[in-house]
Amino acid sequence: MTSSDTQGKRVAVIGGGLVGALNACFLAKRNFQVDVYEAREDIRVAKFTRGRSINLALSYRGRQALKAIGLEDQIVSNGVPMRARMIHSLSGKKSAIPYGNKSQYILSISREKLNRDLLTAVESYPNAKVHFDHKMLKCSPEERVVTVLGPDKVPRDVTCDLIVGCDGAYSTVRAHLMKKPRFDYSQQYIPHGYMELTIPPKNGEFAMEPNYLHIWPRNAFMMIALPNMDRSFTCTLFMSFEEFERLPTSQDVLDFFQKNFPDAIPLMGEQALLRDFFLLPAQPMISVKCSPFHLKSYCVLMGDAAHAIVPFFGQGMNAGFEDCLVFDELMEKFNNDLSMCLPEFSRFRIPDDHAISDLSMYNYIEMRAHVNSRWFLFQRLLDKFLHAIMPSTFIPLYTMVAFTRIRYHEAVLRWHWQKKVINKGLFVFGSLTAIGSAYLLVHHMSPRPLKFFRNLAWTGTTGYWNRSTGVFWQAPWSH
């Protein structure tokens, strides 16, 4: 690839969040003139933060994207490894469920810190600029124009060769594409919301085991906790809005936690728990699907703008980062030809992003309910055993999603095939065990009783005639 391929071509990236900033790095690296328009102020100099600091799980796909722009080591050094789930039962008993082998782990990282680092990385390119406090008012992809409103409150038209919509689940760019014919869109709010809480450090150290994703599964709801670099834990309570509405007072909250999370109260502290609980209301979670992700060679959607997903597989950010990486790989394949790259991006990526959306819905049920069952634990052990003896044939679903770049939709297909094979194997094994047990039972019975039964001849409803002795036994009911 030569710099002349893209030099002079302008790209407008709408949204300076995680995916927008990462995408800008990829495009700037390819010598596009990149302008990022972010509606919010610069979080690196903002005097006030919006809400609490949210933690995210960084897995293999996201790390590969960061590696491609030379940021992996920097970001990884600011994360806390999580090698297993730590399940907290109602009785207070804790049990670990490893994610994979000893070398496999996911990272707990601060969303705000990661966003700061990515924005700084964007500005390190001389051909890239981030415009803060710039809200997009209008998007006209066919004219290759976006209209933005800056701090001066004067609308300004910006001409570009490509518009990249990375402006989140409520994307303004996507809203304009929805007006186009043959653009499919669906959204779903799940009946559960989430609330962020905190477990502070204890005597300057972690209050719980640090290298775990802690889960309090309670069937209809759950709480999780991710470790932070400052030795605190960011907790998230996932629960139906109806349940949240049943906790209007401080005493209601304390009674609820005493009943369902009794071991968490001394870790949080009653006053801190109540302060965090009533700081902000429970937030909604939305799942978005659309198709296609592009409009001709003028506009493309990535990240939550294309496929917002619920957070229960920890793949929202990772899927968005992989969007950027896949797009860059296609740009390399098609020598920066946008007319070839954008349609192929939609064709290639839509099945994967829809698949991880469905998996995320499924994983919520697993995390809040299935992890409590012995059958689930048995299946995990069986998956681990089969993977150990046949590593290329049987790969656990979580391993495929979190520790490889197997395409999401292919991982789902493979998972269903593996479940079918395992279930058939268990059925055959169970059948053979039952047949074998029956044979051994019959084989080891005393020969005398067997001879007795062979000599009996049923004479109807009245009794038996013993052919060898000539004795007739009459049934009691025949009297």
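Student: How far is the sulfur of Cys 299 from the closest cysteine sulfur?

Tutor: The model is predicted, and a disulfide is counted when two cysteine sulfur atoms lie within 2.5 Å. The closest cysteine sulfur to that of Cys 299 belongs to Cys 139, at 4.9 Å, which is too far for a bond. By this rule the count of disulfides comes to zero.

Student: Is Cys 299 buried or exposed?

Tutor: A residue counts as buried if its relative accessible area is under 20%. Cys 299 counts as buried because its relative accessibility is 0%. Cys 290, at 2%, also counts as buried.

Student: Which strands pair with strand β13?

Tutor: Strand pairing is read from the bridges between two strands. Strand β13, residues 184–199, runs antiparallel to strand β17, residues 283–291, and eight bridges join them. Within this pair, Tyr 189 stands opposite Ile 286 of β17. β13 also pairs in the antiparallel sense with strand β16, residues 233–240, over eight bridges. There, Tyr 194 stands opposite Phe 238 of β16.

Student: Which residues of helix α9 are buried, and against what do they pack?

Tutor: An α-helix has 3.6 residues a turn, so residues three or four places apart point the same way. In helix α9, residues 270–277, the buried residues are Ala 272, Leu 273, Leu 274, Asp 276 and Phe 277. Their packing partners include the strands β13 and β16. The helices α6 (241–245), α7 (250–260) and α8 (265–268) are also among the elements against which they pack.

Student: How many cavities of 30 Å³ or more does the structure hold, and which residues line the largest cavity?

Tutor: The structure holds one cavity of 30 Å³ or more. About 50 Å³ of space lies in the largest cavity. Its lining consists of Ile 75, Asn 78, Ile 109, Ser 110, Lys 113, Leu 114 and Asp 117. Two elements, β7 (106–110) and α4 (111–123), each give two or more residues to this lining. The largest share, three residues, comes from α4. By class, the lining has three nonpolar, two polar and two charged residues.

Student: Where is Ile 109 placed, and what does it touch?

Tutor: Ile 109 belongs to strand β7. Ile 109 is classed as buried because its relative accessible area is 3%. Leaving out residues up to four places away in sequence, Ile 109 touches Ile 54, Asn 55, Leu 56, Leu 58, Ile 75, Asn 78, Gly 79, Leu 114 and Met 317.

Student: What should I look for in the backbone angles?

Tutor: Most residues other than glycine have a negative phi, and most peptide bonds are trans. Asn 203 has a positive phi of about 55 degrees although it is not a glycine. Asn 203 is found in the loop between β13 and β14 (212–217), and is exposed, with a relative accessible area of 75%. Asn 335 likewise has a positive phi, near 55 degrees. Asn 335 lies in the loop between α11 (316–333) and α12 (338–368), and is partly exposed, at 47% relative accessible area.

Student: Which residues does a cis peptide bond join?

Tutor: A cis peptide bond, with omega of about 0 degrees, joins Ser 291 and Pro 292. Pro 292 is placed in the loop between β17 and β18 (294–295).

Terms used. Residues numbered from 1 in each chain as written. Predicted model: local features only at pLDDT ≥ 70, side-chain atom pairs only at ≥ 80, totals over all residues. Heavy atoms only, no water. 1 Å grid on protein atoms, 1.4 Å probe; cavity = no way out; pocket = protein on both sides within 12 Å on 5 of 7 lines; lining within 4 Å. Points joined across faces, edges and corners; volume = space filled by probe spheres on them. Helix = DSSP H or I, 4+ residues; strand = E, 2+ residues; numbered from the N terminus. Nonpolar A, V, L, I, M, F, W, Y, C, P; charged D, E, K, R; others polar. Buried < 20%, exposed > 50% of the residue type's maximum accessible area, 1.4 Å probe, protein only. Contact = heavy atoms within 4.5 Å.
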